[in-house]
Amino acid sequence: MVEGLGEDEQRAWQGLLAVMLVGIPQVERTFRAHGLVHIEYGLLNALARQPLRLSDLAAVGNVSISRLSHRVSKLVERGYVRLRPDASDGRASVAEITDEGRAVIAEIAPHHAQALREVLFDHLTPEQTAALADAMQVVGTKLGACLDGRPH
């Protein structure tokens, strides 16, 4: 028989659920007002750092190629992203953010950061924020979702 969660595990799980169910929707309002969904905002942020092959962008966004294709098509239609052939492999495409895409990210970013602070970081000490970052990077890495190359 499998034991139930310990007290600290239960508290952590309940806190995570509260963040996911209440906090994340509050944060999502910052980009939904611009017609973007969470994955699209994340893709634009990734492309704001550098152009990426679609396969690499799918890995960074932790999405399937078919889901990525659908989302990138919407971003292309809106003028936020353009696709070009990969110079080193003509079979692959590279996505890059446009000036319009950079402008929408610049418009959203301060509101997004403010919402994240209000939902999460304003309630934590710097030490708690660092501990949360360490813990979530470990979990995210184990799930295969922390692919930014920074030390964890």
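Trainee: Taking a salt bridge as a side-chain nitrogen of Lys or Arg within 4 Å of a carboxyl oxygen of Asp or Glu, how many does a search of the whole structure find?
Mentor: The search finds 7 salt bridges. This is a predicted model, in which local features need pLDDT of at least 70 and side-chain atom pairs pLDDT 80 or more, while totals for chains, interfaces and linings use all residues. Residues are numbered from 1 along each chain as its sequence is written, and side-chain values use heavy atoms, without hydrogens and water.

Trainee: Which residue does D8 form a salt bridge with?
Mentor: The partner of D8 is R11, with the closest N and O atoms 3.4 Å apart. D8 and R11 are 3 residues apart in helix α1 (residues 7-32), and therefore about one helical turn separates them. Helices (H or I, at least four residues) and strands (E, at least two) are DSSP runs, numbered from the N terminus.

Trainee: Are D8 and R11 buried or exposed?
Mentor: Both D8 and R11 are exposed; buried means under 20% relative accessible area, exposed over 50%, partly exposed in between (1.4 Å probe, protein chains only).

Trainee: And what does R71 form a salt bridge with?
Mentor: R71 pairs with E40, their closest N and O atoms being 3.1 Å apart. Because R71 lies in helix α4 and E40 in helix α2, the pair ties together parts 31 residues apart in sequence. Both R71 and E40 are buried.

Trainee: Which side chain meets that of D86 in a salt bridge?
Mentor: That of R53, at 2.8 Å from N to O. D86 in strand β2 and R53 in strand β1 are 33 residues apart, and the pair links these distant parts of the chain. D86 counts as buried at 10% relative accessibility, whereas R53, at 29%, counts as partly exposed. A network of salt bridges links R53, D86, D89 and R91.

Trainee: On to the sheet: what is the order of the strands?
Mentor: The open sheet of 3 strands runs β1-β3-β2 with antiparallel pairing (two strands pair if DSSP finds at least two bridges between them). β1 (52-53) and β2 (81-86) each have a single partner strand, so one side of each lacks a neighbour in the sheet. β2 and β3 pair over 6 bridges, and R84 stands opposite V94 in β3.

Trainee: Which residues touch the most other members of the largest nonpolar core?
Mentor: L36, L44, L57 and V81 do, in a core of 22 residues (buried Ala, Val, Leu, Ile, Met, Phe, Trp, Tyr and Cys joined through side-chain atoms within 4.5 Å). α2 gives the largest share of this core, 6 residues.
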